[in-house]
Amino acid sequence: MSVESIPVKHGTIVAGREMPEFSRIGVEPITGACGAEISGVDLSKPLSDEVLREVMTAFEHFLVIMFRDQDITVEQHKAFSRIFGELTELPQAPTYAGHADMQEVRREAHEPVSVVPFTKFHTDSPFLPRPPLCMVMRALEAPKYGGDTAFANMYLAYEELSEGLKETLSRLKVVYSGKDIWCQNAKLDKDKQLRLREGHSFTEDQLESVHPAVRTHPRTGRKAVYVTGAYFKGFEGWSMDDSRSLLDYLAHMPHKLQYQCRIRWKKDTVIVWDNRFLQHCGIHDYQDERRHLIRTTIIGERPI
Ligand SMILES: [Fe+2]
């Protein structure tokens, strides 16, 4: 569904832009950088056109939207997800309960942090030709305290760069590859291995892509840094040594607190996050508790 422009509250800037006005849903920004808690919406039922329009506006503006107390079935989860686009499988992420188009992030109470991938800031699956637009994730079980997911607004990171670096990045492309993740994982000791999907039908060609270092929103034209260390194989035409120093600088950007928000998970919390213009990371600051999140993935456009 496309987002038509809706009125803005003049003078209130949040997430780097004027706050839209909402009349059908409650919208409470989480920080000044990104994220909003949405109230007055029951995800087990189809949404009216007016509510849908405001939910999509909130998603585009805040990049991550959160709904509490959504005790929904897997089919209701998928039906809600489809308002954002077409669901896609992922080659590497473990699936949930036999649903090829659902993934899970699961760490059992006895398991080490290493069982879940990427505890540093990253964007998911950038090696795909059309990486995910967003994820719709629901908590089945969350630690009593801790286990939040942090997000960083990469539009804000881009907008604060100097004109010189913006100019350099505008010409750069990044090579991302997921081809070697299984064999790299197999080399690790058993207790250090990631939980990966066993098999998939993606071709080798679909596991490596070259994408722009600055990504542009196809509707608004707003730009964001689109560089992450996950699956990073270098800037196109640069050696890995040359690439590494610039990557280190850019990979540090999402750590700035002024770009971030955090989602505190509770059972039946549902979030939708934009995987194109946010980076995220799970925070494993808890022990001896189970954390179990399930999600759908919506296919995105080829990055421009
Ligand atoms: Fe991730």
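**View 1. Threonine 203, a partly exposed loop residue.** Threonine 203 has a relative accessible area of 43%, so it counts as partly exposed (buried is under 20%, exposed over 50%, partly exposed in between; 1.4 Å probe, protein chains only). Its loop runs between α5 (181–187) and β11 (208–212). Helices (H or I, at least four residues) and strands (E, at least two) are DSSP runs, numbered from the N terminus. The C-alpha atoms of threonine 203 and lysine 179 are separated by 9.7 Å, at 24 residues apart along the chain.

The model is predicted: local features need pLDDT of at least 70, and side-chain atom pairs count only at pLDDT 80 or more, while totals for chains, interfaces and linings use all residues. Residues are numbered from 1 along each chain as its sequence is written, and side-chain values use heavy atoms, without hydrogens and water.

**View 2. Arginine 138 in strand β8 (residues 132–141).** Arginine 138 is buried, at 6% relative accessible area. Its side chain makes a polar contact of 2.8 Å with the side chain of aspartate 268 (N or O atoms within 3.5 Å; within protein, one must be able to donate a hydrogen and the other to accept it, and residues adjacent in sequence count only if both atoms are side-chain atoms). A polar atom of the arginine 138 side chain also lies 3.1 Å from the backbone oxygen of isoleucine 72.

**View 3. The largest nonpolar core.** This core has 55 residues (buried Ala, Val, Leu, Ile, Met, Phe, Trp, Tyr and Cys, joined through side-chain atoms within 4.5 Å). Helix α3 (residues 154–159) gives the largest share, 5 residues. Phe151 and Trp273 are among the residues with the most contacts inside the core. A second, separate core of 32 residues includes Val14 and Phe22.
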